[in-house]
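Morning, everyone. I have one structure to walk through today. Let me put it on the screen.

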Amino acid sequence: MKRTKVLVHGVLGRMGQEVLRAVCRDPELEAVAGVDIKGAMKDLSLPDGSGSIPFSSNLESMIKQSRPDVMVDFTNAEATILAARTAIKHGVALVIGTTGISNADLKEIEDLCRKRKVGAVVAPNFAIAGVLMMHLAKISARFFDYAEIIELHHEQKLDAPSGTAIATARDMREARGKDFIHTAAKKENVTGSRGGELGGIALHAVRMPGLLAHQEVILGAPGQTLRIRLDQINREAFMPGVTLAIKKAVELKEAVFGLDKLLGI
Ligand SMILES: NC(=O)c1ccc[n+]([C@@H]2O[C@H](COP(=O)([O-])OP(=O)(O)OC[C@H]3O[C@@H](n4cnc5c(N)ncnc54)[C@H](O)[C@@H]3O)[C@@H](O)[C@H]2O)c1
């Protein structure tokens, strides 16, 4: 069986390390290289003790050397677009989990993939429970006039609100066909108390240690509320989605946005 060769971009990061472990565990996948801006070594030991893979901070040289089928990227929005351009140029499929990527950059990735017939899966949330939470929020959206989202993450998360919260709000707004009713405070005693606002949905971000990735969607109507709650307690939660995306990305000839498209929901 031919294994799919994977390069991990951002390999020294929290998600990058988890991805490397997941790739090593999967008999259909093979880790062939690691790239990260920090770190000056030439090799990286594999977490399962099976050997080592070449490492560099230079993506293009690693692609030329290791000839991966797929690049998995968990870095930051600025790094992702540069890496995506390089990978697509070399015909390397993409799995992008980095959040906070601008619409213009997403559009560029979509256009480049289509032009070069390169597959990509871009998803703000690779956890199956997260995708189902968004799906349920979307289904529920048209039955309620009020909705708010509270997202809670670890204190080192750079962007706020989370990519998942933004995507959830956008999907809910789209499913409803109009903005939710947003009640601004008549007298805001502390600035920002009502959170951000997207499509009439107030968005609140909590950042502190002890959390990983959590979100609550609250929908309201007279006399009733519906709460949809997601808790991801470790990064392993994302890995079945990431490995599925790696296997699908090599078969695609264009970019797909959202894990839901791969799950058939
Ligand atoms: N889609 C999902 O399901 C999901 C899940 C968790 C995290 N994320 C997102 O993944 C991203 C990374 O999260 P993390 O917790 O692993 O962060 P992290 O800071 O632990 O890791 C990021 C890594 O990227 C590296 N990096 C930064 N700039 C680089 C560059 N120019 N070239 C190469 N490497 C570079 C850093 O050195 C670091 O090792 C964030 O955007 C986060 O929101 C997405």
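Helix α1 (residues 14–25) gives the largest share of the shell around it, three residues. Helices here are DSSP runs of H or I with at least four residues, strands are runs of E with at least two, and both are numbered from the N terminus.

Two remarks on the model before I go on. It is predicted, so local features need pLDDT of at least 70 and side-chain atom pairs count only at pLDDT 80 or more, while totals for chains, interfaces and linings use all residues. Residues are numbered from 1 along each chain as its sequence is written.

Back to the shell. There are 24 residues around the ligand, and Gly10, Gly13, Met15, Ala79 and Gly97 come nearest. Near means a C-beta atom, placed from the backbone, within 6 Å of the molecule or strand in question. By class, the shell holds ten nonpolar, eleven polar and three charged residues. Nonpolar covers Ala, Val, Leu, Ile, Met, Phe, Trp, Tyr, Cys and Pro; charged covers Asp, Glu, Lys and Arg; the others, Gly among them, are polar.

Next, the domains. The protein chain divides into domain 1 (4–122 + 236–263) and domain 2 (128–233). Those bounds come from an automatic or database domain assignment. The C-alpha centres of domain 1 and domain 2 are 29 Å apart. Nine residues from domain 1 and nine residues from domain 2 make the contact. Contact means C-beta atoms, placed from the backbone, within 7 Å of each other. On the domain 1 side, α7 and α8 (260–263) each supply at least two residues. That side of domain 1 splits into four nonpolar, four polar and one charged.

Now the core. Which residues of the largest nonpolar core touch the most other members? They are Val6, Val72, Val95, Ala120 and Val242, out of 70 residues. At least three residues come from each of domain 1 (4–122 + 236–263) and domain 2 (128–233). A nonpolar core is a set of buried Ala, Val, Leu, Ile, Met, Phe, Trp, Tyr and Cys residues joined through C-beta atoms within 7 Å. Buried means 20 or more other C-beta atoms within 10 Å of the residue's own, exposed means 12 or fewer, and partly exposed is in between, with C-beta atoms placed from the backbone.

Take Ala120 as the example. Residues up to four places away in sequence are left out. Ala120 then touches Ala93, Leu94, Ile96, Ile109, Cys113, Ala249, Leu252, Ala255 and Val256.

On to the helices. Helix α4 (residues 103–116) has 14 residues and reaches 20 Å from its first C-alpha to its last. That is close to the 20 Å expected at 1.5 Å a residue. The expected span is 1.5 Å times one less than the number of residues.

Just after α4 comes Lys117, with a positive phi of about 55°. Lys117 sits in the loop between α4 and β7 (120–122). Is Lys117 buried or exposed? It is exposed, because 11 other C-beta atoms lie within 10 Å.

Arg67 is another residue to look at. Its phi is positive, about 45°, although Arg67 is not a glycine. Arg67 lies in the loop between α2 and β5 (70–73). It counts as partly exposed because it has 14 C-beta neighbours inside 10 Å.

There is also a cis peptide bond. It joins Ala160 and Pro161, with omega about -5°. Pro161 is in the loop between β8 (146–153) and α6 (163–176). For background, most residues other than glycine have a negative phi, and most peptide bonds are trans.

Last stop, Lys247 and Glu28. Lys247 is in helix α7 (residues 239–249). It is partly exposed, because 17 other C-beta atoms lie within 10 Å. Neighbours within four places in sequence aside, Lys247 contacts Thr4 and Glu28.

Glu28 belongs to the loop between α1 and β2 (29–35). Glu28 is exposed, because 12 other C-beta atoms lie within 10 Å.

Methods. Two residues are in contact if their C-beta atoms, placed from the backbone, lie within 7 Å.
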